[in-house]
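Here are my notes for your review. Please read them with the structure open.

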Amino acid sequence: MAGLSVDVDELDDLLQDVEALLAPSSSTNHATCSRAISKASTSSSSSSSRSAATSSKPKKQAAMKKQADPDSEVDLDDLDDILNELGDGPELRPLPNDLQRRKSVSDRTKTEVTKCFPALVGGTALATGQNKSGAANRACSRLHCTACDFKICTFDDCSWDADKCDYLFFRNNVPDFHKLKVNLVPTKGTRAYACQCCWRSVRETEPVASLGSDLRWVCGRHPTT
């Protein structure tokens, strides 16, 4: 070892050569670090932007839900404006007098119907119509049978042929006069009554209730004129 001799100048040259060899690698490492730092900065910025967008999204959704939800709270000022606009609408006017009169007449026609008191039957000498208390007697012109649900047919100056009439005859032929007339007998002053289940020939004035318990004839109500 003591016999080795190294020139100082050669040693300096050798060190410079080593530094020259190491310098590009150091520069490359430095550039790599710089790119890594830049990428990290960009990633951090993007992450921050996404975080901000994510945090603002629920706010936007809440605002849209509030607009779409009819049960959400309404600004009182907006509500006042709406009510004021409605208050400025056209004024409702009453019906003209002619329409009111027509409506009143229509209501009266529908509700004012009365029955005979009492319901009467009779021969042709008794006028027909509504029998009212305190007025001249009238034979009810709107008799209705509650058993067969038919209006009572009447034929003036006629009576029923007792030998030919039966239940099936009236059941099949009422209210067709052309089929019923075959069993009608001309009888002056008598009025023939019939529904699909019962029939009577009446000459004298009497209440319907006196014609027999098997009859279900009632006054079908008369409209008031």
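**Notes on the predicted model**

1. The largest nonpolar core has 20 residues. Those with the most contacts inside this core are Val-121, Leu-143, Cys-145, Ile-152, Tyr-193, Cys-195 and Trp-217. Three strands each supply at least two of the core's residues: strand 4 (139-140), strand 5 (143-145) and strand 11 (217-219). Bear in mind that this is a predicted model.

2. A second core is separate and has 12 residues. Among them are Cys-153, Cys-158, Leu-180 and Ala-192.

3. Which residues does Trp-217 touch, leaving out those up to four places away in sequence? The list is Leu-143, His-144, Cys-145, Ile-152, Tyr-193, Ala-194, Cys-195, Cys-198, Trp-199, Arg-200, Val-208 and Leu-211.

4. Strand 8 pairs with strand 9 over 4 bridges, in the antiparallel sense. Ala-192 has Ser-201 in strand 9 as its bridge partner. Ala-192 also belongs to the second core.

5. Look next at Asn-183. This residue sits in the loop between helix 5 (177-180) and strand 8 (184-194). Is Asn-183 buried or exposed? Its relative accessible area is 6%, so Asn-183 is buried, the cut-off being under 20%. Beyond its neighbours within four places in sequence, Asn-183 is in contact with Ser-159, Trp-160, Asp-161, Lys-164, Cys-165 and Phe-169.

How values were computed
Residues are numbered from 1 along each chain as its sequence is written. This is a predicted model: local features need pLDDT of at least 70, side-chain atom pairs count only at pLDDT 80 or more; totals for chains, interfaces and linings use all residues. Side-chain values use heavy atoms; hydrogens and water are left out. Buried means under 20% relative accessible area, exposed over 50%, partly exposed in between (1.4 Å probe, protein chains only). Contact means heavy atoms within 4.5 Å. A nonpolar core is a set of buried Ala, Val, Leu, Ile, Met, Phe, Trp, Tyr and Cys residues joined through side-chain atoms within 4.5 Å. Two strands pair if DSSP finds at least two bridges between them.
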